[in-house]
Amino acid sequence: ASGLDAQRFCFLGYLPQDSAQRKSVIRRIGHDALKDRITRLFIETPYRNRALLQDLAQFLPGEMHLCAAVNLDTAEQLIISKSVGHWKNVPDIFTAKVPAVFAIGFPAGIKPANTM
């Protein structure tokens, strides 16, 4: 549903709770994904979803795609997948404290502009 390449992926679990550590990890994840094109999946506790999404939108490369999926086990599920650069214009999807899954990478068949 994310539109990201599902042939190769890595589940990272939770990113660091500390803001500075989380930002550093996000930068490293973005750099690594540009190089190896492996989709990264991670989760966050509902009360930190908004902060994580803001950090992802700020610290990942703009051409990378970011998917946020909420309430996957309910009738109210919502899956939004856009380039990182477009997330700054997306309304806040975390109006309630809900379970979420995040994925970053590139859509299948799309070559990133800045390969390292």
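1. Buried means under 20% relative accessible area, exposed means over 50%, and partly exposed lies in between, with a 1.4 Å probe and protein chains only. Helices (H or I, at least four residues) and strands (E, at least two) are DSSP runs, numbered from the N terminus. In helix H2 (residues 49-59), the buried residues are Asn49, Leu52, Leu53, Asp55, Leu56, Ala57 and Phe59.

2. A word on the basis of these values: this is a predicted model, in which local features need pLDDT of at least 70 and side-chain atom pairs count only at pLDDT 80 or more, while totals for chains, interfaces and linings use all residues. Residues are numbered from 1 along each chain as its sequence is written, and side-chain values use heavy atoms, with hydrogens and water left out.

3. The buried residues of H2 pack against H1, S2, strand S3 (65-70) and strand S5 (100-105), where contact means heavy atoms within 4.5 Å.

4. The largest nonpolar core has 28 residues, of which Leu56, Met64, Trp87, Ile93, Phe94 and Phe102 touch the most other members. H1, H2, S3 and S5 are the elements that give two or more residues to this core. Such a core is a set of buried Ala, Val, Leu, Ile, Met, Phe, Trp, Tyr and Cys residues joined through side-chain atoms within 4.5 Å. In soluble globular proteins, nonpolar side chains tend to be buried together. Ile93, leaving aside neighbours within four places in sequence, is in contact with Leu53, Ala68, Val70, Leu78, Ile80 and Trp87.

5. Arg40, found in strand S2 (residues 39-44), deserves a separate look. Arg40 counts as buried because its relative accessibility is 9%. The side chains of Arg40 and Asp36 are joined by a polar contact of 2.7 Å, a term for a pair of N or O atoms within 3.5 Å; within protein, one must be able to donate a hydrogen and the other to accept it, and residues adjacent in sequence count only if both atoms are side-chain atoms. A polar atom of the Arg40 side chain also lies 2.7 Å from the backbone oxygen of Ile38.

6. Ile29 is found in helix H1 (residues 19-36), and it counts as buried because its relative accessible area is 6%. Leaving aside neighbours within four places in sequence, Ile29 is in contact with Leu12, Leu15, Arg40 and Ile104.
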